[in-house]
Amino acid sequence: MSKMSNSTVDKFAKIKPRMTPSEALVDSSRCLFCYDAPCIKACPSSIDIPMFIRQIMSKNTKGSAKTIFKQNILGKSCGEVCPTSVLCEGACVYHELNEKPIDIGRLQAYATGFAIDNDIRFFEKGKSSGKKVAVVGGGPAGLACAHELTVLGHDVVVYEANEKAGGLNTYGVAPYKFNNEDSKKEIDYISKIGFNIKTSFCVTSEKLSKFEKEYDAIFLGAGLGKSKKIGMLGEDLNGVCGAAEFIHELRDKEQKIKVGEIVIVIGAGNTAIDAAVESSLLGANVTVVYRRSEADQSAYDFEIEHAKKHDVKFMYLTSPLEIVGDEHSENVTGIKCVKNKIVKSNKNGKSSIEPVKNSEFTISCDMVILATGQEKMEDFFKAITGLKLDNGKIVVNKHFQTTNTKYFAGGDCINGGKEVVNAVANGRDAARGIDKYLRGELKNG
Amino acid sequence: MADLNIDFAGIKAPNPFWLASAPPTNTSYQVMNAFRSGWGGAVWKTLGQPIVNVSSRYGAIAYKNNKMMGLNNIELITDRSLEVNLKEMKEVKEKFPKHALIASMMFEKKEEWHDCIKRCEDIGVDGFELNYGCPHGMCERGMGSAVGQNPEVCERITSWVTEVATKPVIVKLTPNVTDITKPALAAQRGGANAVSLINTINSVIGINLETMEPNPTVDGFSTHGGYCGPAVKPISLNMVSEIANHPDFHLPISGIGGIETWQDSVEYFLMGATSVQVCTAVMHYGFRIVTDLIEGVNEYLDKNKMKSINDLCGITAKKMRKWEELDLNYKVIAQIDPNKCISCQLCYIACEDGAHQSIELVKDSRIPKIKEDTCVGCNLCSLVCPVESCITMVKVNTGKEKLFWANHPKNPDKTNEKISLKK
């Protein structure tokens with residue numbers, strides 16, 4: 001390994017490294033073992049957190065992993081990528097005492113990592129139902145759904161368009177949270193129960209029609225599409241890319257990619273912050289440009305703090321007007337912006353803004369990352385008979401069944417883009433819905 | 001500033017904090033370091049006939065992340081020669097003439113006791129402590145707790161010592177008895193000048209679940225050992241109070257067992273001790289802890305406008321009563337401060353599953369509610385609550401007169417005579 005790649009590895013080292021046994025003992029011993037604990041309620045996958053922590057304390061690490069996996073088979077990645085400070089750890093009663101909450105995410109990764117590293121598995125394929133289910137999308141929702149369906153005795157094939165399964169865990173989250181090796185190990189561990197994953201398999205509308213005949217049910221866990229374009233001049237210039245695509249490439253090439261010297265990130269959501277920090281780690285001078293105020297940004301506070309630690313600068317109340325480039329080379333040379341002012345602050349929503357007259361200015365840069373959200377895969381879904389969409393999101397009932405009874409859905413394609421843990425919970429519950437449907441227990445089934 | 005100097009049964013020391021006879025008092029090197037750190041006295045590691053120690057000697061019990069909540073040992077008395085010990089004790093006494101140096105001893109024959117007493121007095125020790133306590137190794141040879149458990153033997157051997165000793169004699173008692181006052185009174189009859197307690201409690205500290213061997217293991221085997229450390233303090237406090245409250249017992253008491261902080265030592269003083277001895281805490285943290293013991297007790301005395309340890313002695317012991325002397329009409333009930341509650345609901349589940357089902361959950365709230373009509377005032381909720389003074393036990397004015405068991409309607413032997421309590 002060259003010196004250069006070594007330093008790249010160090011820069012992207014885990015920000016939440018695996019706990020040592022003594023760290024795990026110290027932190028697990030602090031847990032109060034609350035009754036009807038707030039942390040469980042704050043977990044979208046409802047893991048019995050006090051119980052798994054107590055099991056770590058009693059050195060029953062295996063039992064701890066089982067407690068986690070019973071609710072969340074992707075408990076390892078969730079422990080590492082979840083925004084725990086706004087979920088379980090945010091609900092920890094220690095906050096009421098102004099004390100540090102229990103480090104739940106790292107304890108969860110500790111126990112589940114132990115089970116995965118030692119290949120200790122707790123589930124096996126259920127008694128065969130003779131039913132076949134196609135899972136479209138090998139991300140967290142699809143994997144959780146496929147695992148639960150297999151436990152329930154159904155034959156499952158997961159279809160994944162990318163070269164590797166894992167979805168966000170493989171192509172979306174920052175590598176200092178969860179890297180390719182972590183993702184591969186987790187997927188191998190989960191799929192050993194006995195379902196197939198067909199990668200580099202792009203499910204088209206035509207393929208879906210075929211699936212409808214071959215499979216008894218279909219789960220849509222297709223996630224989101226490409227990064228949105230804003231519709232301003234210069235978006236096609238060399239050096240302009242979407243945040244999702246940028247992170248996809250970074251993860252795919254294991255951080256061995258080049259960034260510009262001066263990078264502008266448009267948008268201030270969590271993906272924008274990830275792209276900004278990653279660019280900074282790769283050596284760029286990074287500025288996040290956001291049209292509204294600091295209070296309006298949707299990225300979590302701890303992500304913003306993390307970005308600031310990595311020298312990412314923020315320019316608020318600034319709207320991009322046009323990306324400018326060199327006429328001949330068609331390379332980006334800068335971005336023309338205008339200053340905004342707040343017209344009306346809205347406590348419950350985002351503030352209203354309007355441009356400040358004659359405040360246009362241009363920032364020089366050689367790379368622009370657009371992080372203003374991802375498109376929904378509306379066209380693909382529209383081709384499915386009777387599938388109702390709401391604002392591009394698939395509409396489902398409490399069993400995660402769509403308006404086309406054979407189709408179930410979960411994850412980003414129904415919620416518009418949430419956390420990995422939400423997708424896992426959806427996939428798990430959808431599998432239970434599909435099981436009911438296949439056994440004729442659903443009204444519409 | 002209070003005066004921490006003590007005169008314990010004639011043994012003078014700059015403060016009441018002594019090192020108990022144990023590994024920390026094995027050598028002059030250690031004892032001199034201890035005196036430099038501020039300890040007021042030291043009871044030298046027990047002198048006796050030659051012994052050999054095993055390798056692997058201590059075992060500990062942890063509670064969650066707290067190491068050494070209790071410690072046990074299968075180590076015997078000093079394994080160094082009497083000559084070496086006496087030479088080092090002499091050095092200590094010469095360098096620290098104002099500190100209390102007490103020789104702990106354990107022998108079988110009268111002549112051995114007499115010989116050692118004389119040699120110790122020759123080098124200037126301030127007193128003796130008779131080790132009638134070790135529950136392991138020595139008792140099988142008719143020494144240690146074998147003596148402490150038999151009041152007659154205890155009295156006899158004590159009298160052997162007191163007939164020749166010119167310095168004060170402390171008898172160290174074993175807690176491995178059903179009634180601690182019996183050996184204490186026997187020591188008094190034998191002419192002892194004071195008692196110290198407790199020695200260690202007979203115990204097996206635990207089992208290694210990997211090997212299924214007992215701890216501490218000596219090549220796969222172990223033996224019962226002596227238990228000490230923070231976990232034993234409640235047992236010792238009870239025994240100290242029983243002796244202190246016995247109408248026929250009049251000697252000073254040196255308290256031992258689980259003393260780590262100044263608060264621990266104050267509890268012993270309040271129960272009737274006028275010196276305390278420390279071992280496990282020093283084995284855990286070193287001699288330096290004495291600074292806080294001294295400062296803490298000084299502050300406490302000042303705060304209570306007291307001049308010396310003697311002012312504290314026995315205040316709480318007098319508040320120990322027989323169960324039937326407690327007022328059955330006294331009532332407290334739990335009260336939760338909603339502003340302090342962190343909504344862990346541990347009080348709820350403790351009361352619900354472990355006590356009297358007198359706390360209920362409130363819809364749309366995480367703050368539990370006390371059922372005042374059924375709360376028996378057991379304290380459990382306030383004990384499990386992780387927040388300081390969030391749950392308090394509040395006295396209820398029942399308007400009833402004091403009622404003791406002797407006069408209680410449910411007592412089959414009920415009497416109408418008024419019970420008079422000693423002040």
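Modeller: Helices (H or I, at least four residues) and strands (E, at least two) are DSSP runs, numbered from the N terminus. Axes are lines fitted to C-alpha atoms, for helices over the stretch in contact, and angles run from 0 to 180 degrees between N-to-C directions. This is a predicted model, in which local features need pLDDT of at least 70 and side-chain atom pairs count only at pLDDT 80 or more, while totals for chains, interfaces and linings use all residues. Residues are numbered from 1 along each chain as its sequence is written, and chains are lettered from A and ligands numbered from 1 in the order in which they are written.

Biologist: At what angle do the axes of α14(A) and α15(A) cross?

Modeller: Helix α14 (residues 270-281) and helix α15 (residues 301-309), both of chain A, cross at roughly 20°, and their axes come within 10 Å. α14(A) and α15(A) are therefore roughly parallel to each other; that term covers angles under 35 degrees, with over 145 counted as roughly antiparallel, 65 to 115 as roughly perpendicular and the rest as oblique.

Biologist: Which residues make the contact?

Modeller: From α14(A) they are N270(A), I273(A), A276(A) and V277(A), and from α15(A) they are E303(A), I304(A), H306(A) and A307(A). Two residues are in contact if their C-beta atoms, placed from the backbone, lie within 7 Å. By class, this contact of α14(A) with α15(A) has five nonpolar, two polar and one charged residues. Ala, Val, Leu, Ile, Met, Phe, Trp, Tyr, Cys and Pro count as nonpolar, Asp, Glu, Lys and Arg as charged, and the others, Gly among them, as polar.

Biologist: And the sheet: what is its strand order?

Modeller: The order is β5-β13-β6-β7-β8 in chain A, an open sheet of five strands with parallel pairing. Strands pair if DSSP finds at least two bridges between them. At the edges are β5 (240-242) and β8 (313-315) of chain A, each pairing on one side only.

Biologist: How many bridges join β7(A) and β8(A)?

Modeller: Three bridges join β7(A), residues 285-289, to β8(A). V289(A) has M315(A) of β8(A) as its bridge partner.

Biologist: Which strands does α14(A) lie across?

Modeller: α14(A) lies across β6 (262-266), β7 and β13 of chain A, at about 165° to β7(A).

Biologist: Turning to chain B, how many residues are in contact with chain A?

Modeller: 11 residues of chain B are in contact with 12 residues of chain A. Helix α2 (residues 21-30) of chain A gives the most to its side, with three residues.
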